[in-house]
Amino acid sequence: MLVIANWKMNFSLSQAIDFCTKLNNNSHHIPIVAAPTLYLSHLLVRFKNIISFASQDLSANPDDYGSFTGEISAKMLHDIGIKYSIIGHSERRTNNEETNDIVKNKSENAIKNNITPIICIGETLEARNKGSYLESINNQYLESKPKFGKFILAYEPIWAIGTGNIPTTDELNEVFSFIENIIAKDVTLVYGGSVNLGNIGLITAVPQIRGLLLGKASLDVIEFNKIIESL
Ligand code: PGA
């Protein structure tokens with residue numbers, strides 16, 4: 001199982017170091033830490049032999065270098081040792097107006113630089129209630145997916161992120177079977193949205209789920225370690 005910690009915009013540098021020092025990396029599951037970009041170089045120098053790191057985003061611009069103030073290219077992230085990048089998280093899609101097209105470009109930039117994109121898709125509560133969620137997932141997937149290369153696909157229903165609500169087993173089975181059998185064959189599938197120690201069993205019982213993307217539960221290294229140990 002991949003166990004991806006999405007710290008979002010959290011932790012001081014010393015808290016980040018403390019987390020990495022205490023992280024259990026002795027299991028056969030693979031922890032990936034998506035730290036704030038600013039901390040990545042520092043953490044890589046200290047922990048790169050024992051932890052894989054991800055960025056939470058990268059530039060949509062295909063150039064490696066150039067006049068793009070504030071941007072960080074996939075090439076730069078690769079240079080410091082980044083192996084993965086979360087792309088198109090719903091918070092970025094909502095707060096930074098990231099379209100599927102932007103997500104596709106970012107994913108292709110990552111792949112060209114040997115970074116595996118972790119592409120996030122997931123329906124709104126409205127689409128879920130209207131019954132149009134499979135259509136919504138399908139469209140998001142088809143428009144966001146890179147034209148080449150390997151990627152990880154994270155299904156994160158927006159109504160489950162940070163809310164404490166998770167889909168039922170039937171709902172998870174329906175969506176993951178749909179994704180694996182109909183739209184994204186041969187893609188590593190991950191679930192994210194309010195995963196915690198209490199609901200982990202229900203989620204990992206779904207056979208297509210090969211990894212977890214954790215937000216809140218990734219801010220407590222004790223809980224995070226317990227989650228890894230329980231897998
Ligand atoms: P959460 O966040 O675990 O706090 O719901 C998940 C995510 O945003 O990826």
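Visitor: Which helix gives the most to the lining of the largest pocket?
Guide: In this predicted model, helix α4, which covers residues 90-95, gives the most to that lining, with three residues.

Visitor: And which residues lie nearest the centre of the largest pocket?
Guide: The largest pocket is lined by 13 residues, and those that lie nearest its centre are Lys8, Met9, Gln56, Asp57 and Arg92.

Visitor: How do the residues of that lining divide?
Guide: The lining of the largest pocket divides into six polar residues, four charged ones and three nonpolar ones, and the space that lies in this pocket comes to about 380 Å³.

Visitor: OK, changing topic, where is the ligand, in terms of pockets?
Guide: The space that the ligand takes up is the second largest pocket, and about 290 Å³ of space lies in there. Of the 21 residues lining this second largest pocket, Gly162, Ser194, Gly215, Lys216 and Ala217 are the closest to its centre.

Visitor: How many residues surround the ligand itself, and which are closest?
Guide: The ligand is surrounded by 13 residues, with Lys8, His89, Glu156, Gly162 and Ser194 as the closest. By class, this shell is made up of six polar, four nonpolar and three charged residues.

Visitor: What is the distance from a ligand oxygen to the side chain of Glu156?
Guide: An N or O atom in the side chain of Glu156 lies 2.6 Å from an oxygen atom of the ligand. For Lys8, the distance between a side-chain N or O atom and a ligand oxygen is 2.7 Å, and for the side chain of His89 the corresponding value is 2.7 Å.

Visitor: How much of the ligand does the protein bury?
Guide: The ligand exposes 280 Å² when taken alone, and the protein buries 97% of that area.

Visitor: Now for cavities, how many of 30 Å³ or more are there?
Guide: The structure holds one cavity of 30 Å³ or more, and the volume of the largest cavity is about 40 Å³.

Visitor: Which residues line the largest cavity?
Guide: The lining residues include His89 and Glu156, both of which are also among the residues closest to the ligand. Also in the lining of the cavity are Gly88, Ser90, Arg93, Cys120, Ile121, Gly122, Gln140 and Ile158.

Visitor: Which helix and strand supply at least two residues each?
Guide: Helix α4 and strand β5, which spans 116-121, each supply at least two residues of the lining of the largest cavity. By class, that lining has five polar, three nonpolar and two charged residues.

How values were computed
Residues numbered from 1 in each chain as written. Predicted model: local features only at pLDDT ≥ 70, side-chain atom pairs only at ≥ 80, totals over all residues. Heavy atoms only, no water. Near = heavy atom within 4 Å. Polar contact = N/O pair within 3.5 Å; in protein donor to acceptor, adjacent residues only side chain to side chain. Areas by Shrake-Rupley, 256 points an atom, 1.4 Å probe, with all protein chains shown as cover. 1 Å grid on protein atoms, 1.4 Å probe; cavity = no way out; pocket = protein on both sides within 12 Å on 5 of 7 lines; lining within 4 Å. Sits in = over half its atoms within 2 Å of the grid points. Nonpolar A, V, L, I, M, F, W, Y, C, P; charged D, E, K, R; others polar. Points joined across faces, edges and corners; volume = space filled by probe spheres on them. Helix = DSSP H or I, 4+ residues; strand = E, 2+ residues; numbered from the N terminus.
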